[in-house]
Amino acid sequence: ALLKMHQGNQYRVVGEFGAGMITGLLPYSRAKSAVGMSQAIEPVKVLAIGREKFPEMILTQEELTTVLVHLMSSRIREFTKNQQQSDKMMALGKLSAGLAHELNNPSAAIVRSAQMLSAHLKQSPDIFMQAVKVQMTDEQIKAVNEVLAGQLAKGVQSYSLMVKSQKEDEVIDWLDDHDIEDSDMIAENLVEFGFGPDELDRIANEVEQKYLSGMLAWINQNLVTERLVDEIQEASSRINKLVSSVKSYTHMDQAPEKKPTDIHLGIENTLTMLAHKIKKGNIQVHLNFDPHLTKPPVFPSEMNQVWTNIIDNAIDAMEDSDRKELTITTTQNSQSINVVISDTGSGIPEEVQDKIFDPFFTTKEIGKGTGMGMEVVHRIVTTQHNGSVSFRTEPGYTEFTVCFPLN
């Protein structure tokens, strides 16, 4: 027989029972109703003992009662362990998918920029031949170098599409007026680094017309190299930041013990882990952090699980909302720290509000939740940190408040 549990609008198989196995309600169980159903998959004979027989059985059949209670305890431990493992794997899958996406973008940018840089550097010998033919005095070289160094120091400029197009037209006109080769190709790079007619005039004043095309080709070579190196550096920094966030999020290199912890850093690392899901959902994030927040003694990795579960649920709740805003606020008083996480999602239905922190309860479909997330939140906050977690909700708004003592 298969044991199935109701989840969302579906049933999922959580166990299988063969000949000689015992299931159902057992003595001393606190269950009020069945949490699942059994389905026979082949002909089966069942010996059923009604619940009304339990008091007599406990009094007269001590050995049988002991066996059944032991069976119940073992079953609960095994079932809970499996569900927790399932929940961890599901959470890991979500984080891994998001991280893979976040890492893919900068890594692809590095590969693309490196390929372009390699192809670009192959043109260096031709550009070098043009540059060495230029005849200039030391003063002229210094003047041109000052213009180039000044624009490189400013870096790539950020223009709107309309402004950039207008500036490129101005530079192309200047280049064409001065008979510069490949004006269309080099205009974009010149504009990106802030070159305009004024800067180009300063260069033209120092270089003879017959050498101007070669000099601008050499300048363009430097600009393209600088831009590609900057792109590689920026993409590498993004990867390094993501890896650092993963390490900080998991605290994999630290002993599992309470220590003064920056709550804000844990929340920010969690948002980094869920960045792909936030971007995909087009969610606005507002952080109202108390800049003077004390570092309370907590288990850092466990608290990150708390933020992950609450924020992940908030993101899911806003899936069909017109307005998608996630707000996280931290405050402190003389005795405790409060973290309020609110969303503009659908709200929690009234009929399930008293079950939110129950083990295995979920309103999500199979494959989207095991029902262990909020139970884990409650257990970590209340049992491990002597704190509290509460919520208030209405259609279009839900907020969870995590409160834990400073001492």
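Visitor: How many aromatic pairs does the structure hold?

Guide: This is a predicted model, and the structure holds 1 aromatic pair. A pair of aromatic rings is described by the distance of the centres and the angle of the planes. Here the partners are Phe391 and Phe400, whose ring centres are 5.3 Å apart and whose planes make an angle of 35°, a tilted arrangement.

Visitor: Is Phe391 buried or partly exposed, and is Phe400 buried or exposed?

Guide: Phe391 has a relative accessible area of 23% and is partly exposed, whereas Phe400, at 10% relative accessibility, counts as buried.

Visitor: How should I read the packing of helix H4 and helix H7?

Guide: Two packed helices are described by the angle between their axes and the distance between the axes. Helix H4 (residues 138-154) and helix H7 (residues 197-204) pack at an angle of about 155°, and their axes are 9 Å apart; H4 and H7 are therefore roughly antiparallel to each other. The crossing in which H4 passes H7 is left-handed.

Visitor: Which residues of H4 and H7 meet?

Guide: From H4 come Val144, Val147 and Gln151, which meet Glu199, Arg202 and Ile203 of H7. Sorted by class, this contact of H4 with H7 has 3 nonpolar, 1 polar and 2 charged residues.

Visitor: Why is helix H6 largely enclosed by the rest of the structure?

Guide: In helix H6 (residues 183-192), 7 of the 10 residues are buried, so H6 is largely enclosed by the rest of the structure. Among the buried residues of H6 are Ile186, Ala187, Leu190 and Val191, and also Asn189 and Glu192. Just after H6 comes Gly194, which takes a positive phi of about 85°.

Notes: Residues are numbered from 1 along each chain as its sequence is written. This is a predicted model: local features need pLDDT of at least 70, side-chain atom pairs count only at pLDDT 80 or more; totals for chains, interfaces and linings use all residues. Side-chain values use heavy atoms; hydrogens and water are left out. Axes are lines fitted to C-alpha atoms, for helices over the stretch in contact, and angles run from 0 to 180 degrees between N-to-C directions. Helices (H or I, at least four residues) and strands (E, at least two) are DSSP runs, numbered from the N terminus. Angles under 35 degrees count as roughly parallel, over 145 as roughly antiparallel, 65 to 115 as roughly perpendicular and the rest as oblique. A crossing is left-handed if the near helix is turned anticlockwise from the far one by less than a right angle, and right-handed if clockwise. Contact means heavy atoms within 4.5 Å. Ala, Val, Leu, Ile, Met, Phe, Trp, Tyr, Cys and Pro count as nonpolar, Asp, Glu, Lys and Arg as charged, and the others, Gly among them, as polar. Buried means under 20% relative accessible area, exposed over 50%, partly exposed in between (1.4 Å probe, protein chains only). Rings of Phe, Tyr and Trp (its six-membered ring) pair if their centres lie within 6.5 Å; planes under 30 degrees apart count as stacked, over 60 as edge-to-face and the rest as tilted.
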